[in-house]
2 protein chains.
Amino acid sequence: MFSCILKEPQAMTNPLHHLMNPSSIAIAGASNNFMKMGTMHALSILKDGFKGELYPLHPKEKTVLGLKAYGSVEELPVVPDMAILVVPASQVADLLERFGEKGTKSAIIITAGFGEMGDEGRRMQERLNEISRRYGIRFLGPNCMGIINSAASLNVTVMPYAMGPGSLGLASQSGTYVTQSLPYLAKRGIRFSKVVSVGNCADIDLADALEYLGEDDATRAVALYIEGLRDVPRFLEIARRITSSKPVIAQYVGGSAAGARSSLSHTGSLAAPDHLYDGLFRQAGIIRLHSIEELYLFGNMLAHQPPLEGRRIGVITNSGGPGSAMANALEKYGLEVPRFTPELQEKLRPLLPPHAPCGNPVDLTFSLEIDILSHRIPEVVLASGEVDGIVIHGAMRSGFVKEAYPHFRELINNEPVDKILAAMPMSIDKALSIARYGKPIAVSSFYDRDDDYTAAYQDHGIPVFDAPEKAAAAMGILLRYREVRKRKPPKPISLPSIDAEAARMLSECLAAGRKNLDEHESKALLRRYGVPVTEEILVRSPEEAEEACARLGLPLVLKATAANITHKTGKGLVRVGLASRIQAAQAFAEIQEAAGRAVPVIAYRKVEGEREFVCGLIDTPGFGPSVMFGLGGIFTEALADTVFRPAPLSDQDAEEMIHDIRAHTLLGPFRGMPAVNIQSLARIIHLLSLMPILHPSIAEIDLNPVIIEGAEPVAVDALIVLKGD
Amino acid sequence: MFSCILKEPQAMTNPLHHLMNPSSIAIAGASNNFMKMGTMHALSILKDGFKGELYPLHPKEKTVLGLKAYGSVEELPVVPDMAILVVPASQVADLLERFGEKGTKSAIIITAGFGEMGDEGRRMQERLNEISRRYGIRFLGPNCMGIINSAASLNVTVMPYAMGPGSLGLASQSGTYVTQSLPYLAKRGIRFSKVVSVGNCADIDLADALEYLGEDDATRAVALYIEGLRDVPRFLEIARRITSSKPVIAQYVGGSAAGARSSLSHTGSLAAPDHLYDGLFRQAGIIRLHSIEELYLFGNMLAHQPPLEGRRIGVITNSGGPGSAMANALEKYGLEVPRFTPELQEKLRPLLPPHAPCGNPVDLTFSLEIDILSHRIPEVVLASGEVDGIVIHGAMRSGFVKEAYPHFRELINNEPVDKILAAMPMSIDKALSIARYGKPIAVSSFYDRDDDYTAAYQDHGIPVFDAPEKAAAAMGILLRYREVRKRKPPKPISLPSIDAEAARMLSECLAAGRKNLDEHESKALLRRYGVPVTEEILVRSPEEAEEACARLGLPLVLKATAANITHKTGKGLVRVGLASRIQAAQAFAEIQEAAGRAVPVIAYRKVEGEREFVCGLIDTPGFGPSVMFGLGGIFTEALADTVFRPAPLSDQDAEEMIHDIRAHTLLGPFRGMPAVNIQSLARIIHLLSLMPILHPSIAEIDLNPVIIEGAEPVAVDALIVLKGD
């Protein structure tokens, strides 16, 4: 489970290497009826330029789509590299077995009706896995839509892919997002390297797809649509390897109740709450996005534009509204729109009408001199060294002219619009040449690919967005990826040896049928691993309480402790701020009275500090163990300022996590208090994260509050909960 | 300035009533050169169906665009209802004066180069206002792009408007957003009632446009693009009147440094920080959006769909991914995706393939039976009474067929695609008929208006979004507007009479050249208006400190006070928790010593409470006075949980404001503490908000902390800052 511990990435062959590059394909389920899904898949293979051989299987037809059809797998003249199965669910397993026998090593199972269909479907799906293991035939799906390998002109989906090779890789648990959206993507100039519809992830799963796209040289950014992950630690390990050198973005839709229910019935995925996926993505260096549009648009930006090397963005426009909107949005995304130096403004001035703003934003004001907007101003700005990237709004030509044409055609004697366009000056090549500065460019235009500027930009990898704020947001995503790249490389997690006394405590507790360690035991166990907890002693009499004052120092805290005592404060079982031996003895007696029986009492010196945090360990079905950190004390729930990470976690990653809380300024020097010792705090979280490995019987740990005394964190309360049966 | 106080809305004629409905128009700046902006304006008027007379003015031409041209205003054969000026800036004022003399009452000044151009431009703009006042000629602009009145087929912009009459009204400080975006809007089926480009707002401003669109029966929702407001209180008063019965949405881009700089150079607008506009919009009932795309898309949704009467949304799709994404997004926006009852599922079952999910989302799975998806399932779901609205993904026909056609054309002997389409079953009318349930519908499709379903939906007022999450977000906006509609009607604000003693204190302070009242004075002034502050006395000797213990109760707080003493705590000038007369006397002496001189000291009983807030009054250039409320105490800055509202504010509105903080659960019963007396807290904010009216010399008030003792708020520290010269 915890494969990321002390393990180097394994040199193994990803099953998608073979599956994405077949030289021969057999398809079962294609016919001569173009309304059948199998036929659509076969047509995409045939029409979109696949160079290898396609062998249709058909029980009756002699030819399918003009190709000789075969009645059975046995009759195939070759061992096909890959099989595509688009047959009824009841026939899939037998057919997969025939291909296994034949020696085929890859399959795509389009057919639905497996793991997403309850117990019976899960059994059917398990049979596919059994066949896969027996014959070494690796498969995608079931319940998927296929693949695209644009460089190989291989399209195994149901819609045409016509955009040519690009650099964005996509893996999706929704088939729609790899095929029904293709016309939409073509209209937006979005180009893929490889596309993988993973469906139910019975065999090849999202982690495999991520690993494959991560290693694929043609893929410069990876986009993931996720409904739920099968193996969180493996996904995390792979993602962490990739994200330092290649951007990965993801949309996750299983975080709400309805999203989880829908994901279960769609792909049989077990979902987990949003905050856990937030933590997973942060830990993995994956940029989380929240809509399929963002996934496509910003993925395309990341894949086709150079990285951003600083925060300074130049805004170039022919209209004040989009200029203001882009400037405003850029700053919100953490970028800067620096006022240009007088020298740069001086150089820009001759290109602009008198009084036009040139201090950044540069606003050409309404003008049809698109060469100035799209080429001459950007040249000067990019050459200045004053920006790290630019956004441009308003470059347009044929789209504008065609839209306006109905109004002015009579003024030009109804000359055809194409003739007008041919006579107009044209400098798209110059506009494209600004890419040579190697700085990211995002364009915003109200004109789609009907406009020759929009089409040319998109065809040359300069994304054009249909609103100014989206171009700004795309730069914001580049900035977020810059922060991922700047992360320290992951540190291997080294496990301390298992503490025998801790193990003994847990075994005894389990043997006694108890569900949790009490506060004193919990602290004792954690102290053995170096978690800073209150130094405390058990006292059993007023006299021992008095002695504790001398041993521990004042003011003292006394607390009843026992595994079955909860809500101590409300029941009068806690006394804080005891300032003398007399008060201590008296408080001990009062606690016994409040308890109504003799209860053990723990004593510790009151920990003084105004900053309180909470650290914890939780375990979530479908996700696994996670650690939690947040604001603690009485306002914990009201402020809900907590962050999560999958366990285990290095202390270095725990440090990063700590800074993710909203109120992170509390961690620095604050109102006369010293900066928190972040290393100590991170070490607590790191140690909690190791507990499920060291002691698998531990389900949950709650340290609340962890008070910062001076600069040092001390866990003042602790609870360890054990796993049930 | 505070026009909303005790004043009924005035029955006045909005200048746009006249300007938007001219029966005759004169235009200066149009010629026979179609590349000139004035010509483009004239062409839009002529070509898009204006029914009245158009009179071009031209110094040389005899005819312009086939119409008789006039050499001067004097020569015009009639008094035109409206003049459009697209001439060089230097000629605008004289020409406006000529029209004023002629008797024209409305003008649109397209020309730029006025208030956005520094001092000289501002002077030129002021001259326009002077002419306007002298002749009673009201004008839009300068530096604007014109208007559209779709019902009157009047288009005074530079691009064709071809979508026909709609119900969305738009007022914009960016001309681009009312004209360059028209082709973009046409492709998305977005239809306007009226459009107003306000430009520099020299005369007719955004508030006028909002008022006009609010009163306009053809307009069912109002969208505003804002760079900065000229008169915040007037805008607020008008907006508040409108939003209870008509949705208003707004984008504001002046909130960042670069946004503010750009707005100033674009329209000469003075911007203010985002959080003030957040407060203004909340107070006004305006829904704030953050991109022009949201403004258009969600404005169109609000304008053309019925209101949402509950939170329950049905999700109907032919694809699991969009279904999961919509369900997940809907819940994030506060909507519910309720699991359908077994009875409803039973009714849906026969419409779906075996095992297809029908519990909500309803997932038909990939299917070309669009009538089931778009009509039969929605009918059953809407008739059930189990939902308040529906979202649909995947309804498509001609778009899909045309995209797939290149792949299958040979299979059908290259029959033309139109023939295929003509032979396919067609039931768009039935799909549209579900609108009769009167519940909001949002559609998501990857097909644009090339698809006949998309076009038909849009033409009948059912918005089609190009991504599932946008359809969900549109429902979320309807929910936000539902919350605006449910607000209590605004309560008139009644002013208390001016307290003579308070006025005297302020005059004395001003006369002495002081910049602020000290803590004791500040509290004394506020107490006179009923703000709950600590009951305190000034002590000037150790003996008086001892007496204070008896008079005020223990534990006592002693604090040095003087207008020029700040950061008291750090300097040892504050002593809290004094538990006896002896401690009080000693603390008094220590404070004197720490001050190094004899200082007055205030004494009050320590206010006990764990919940601390901050209340304040601030004054911002370009915006005016605002009140602030937020979490207080030592974590104020770290948590940054504060909200703002423009002053003045009724106590009712202050209550609403208080609940806007993130940590609002602190206000209820909390960890054994009683619920905060919200009325008392609201009254404090209400009273602070009145101070600039009662005492115009007050610039700022800071109450930090306001501690909740039991249920009651008490201001424990207070500072009143006076206006400078």
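Is the crossing of α25(B) and α26(B) right-handed or left-handed? In this predicted model, in which local features need pLDDT of at least 70, side-chain atom pairs count only at pLDDT 80 or more, and totals for chains, interfaces and linings use all residues, the crossing is right-handed, a crossing being left-handed if the near helix is turned anticlockwise from the far one by less than a right angle and right-handed if clockwise. Residues are numbered from 1 along each chain as its sequence is written, while chains are lettered from A and ligands numbered from 1 in the order in which they are written.

The two elements are helix α25 (residues 651-658) and helix α26 (residues 678-694) of chain B, whose axes come within 8 Å and cross at roughly 110 degrees. Helices (H or I, at least four residues) and strands (E, at least two) are DSSP runs numbered from the N terminus, and axes are lines fitted to C-alpha atoms, for helices over the stretch in contact, with angles running from 0 to 180 degrees between N-to-C directions. The helices α25(B) and α26(B) are therefore roughly perpendicular to each other, the term covering angles of 65 to 115 degrees, as against under 35 for roughly parallel, over 145 for roughly antiparallel and the rest for oblique. The contact is made by Asp651(B), Ala654(B), Glu655(B), Met657(B) and Ile658(B) of α25(B), and by Ile678(B), Leu681(B), Ala682(B), Arg683(B), Ile685(B) and His686(B) of α26(B), where two residues are in contact if their C-beta atoms, placed from the backbone, lie within 7 Å. By class, seven of these residues are nonpolar, one is polar and three are charged; Ala, Val, Leu, Ile, Met, Phe, Trp, Tyr, Cys and Pro count as nonpolar, Asp, Glu, Lys and Arg as charged, and the others, Gly among them, as polar.

Elsewhere in chain B, Met628(B) lies in strand β26 (residues 624-631) and, with 24 C-beta neighbours inside 10 Å, counts as buried (20 or more other C-beta atoms within 10 Å; exposed, 12 or fewer; partly exposed, in between). Leaving aside residues up to four places away in sequence, Met628(B) touches Cys615(B), Gly616(B), Ile618(B), Thr642(B) and Phe644(B).

Chain B is superposed on chain A by a rotation of 180 degrees with 0.1 Å of shift along its axis (RMSD 0.1 Å), using least squares on the C-alpha atoms of residues with pLDDT of at least 70 in both copies. The two copies are thus related as by a two-fold rotation axis, and in chain B the C-alpha nearest that axis belongs to Leu639(B), at 4.3 Å. The contact between the chains takes 76 residues from chain B and 76 residues from chain A; on the side of chain B, the largest share, eleven residues, comes from helix α12 (residues 320-332), and the residues there divide into 37 nonpolar, 27 polar and twelve charged. Since 99% of the interface residues of chain B are also interface residues in chain A, the copies meet through the same surface.

Several backbone features occur in loops. Ala640(B), although not a glycine, has a positive phi of about 45 degrees; Ala640(B) is found in the loop between α24 (636-639) and β27 (642-646) of chain B and is partly exposed, with 14 other C-beta atoms within 10 Å.
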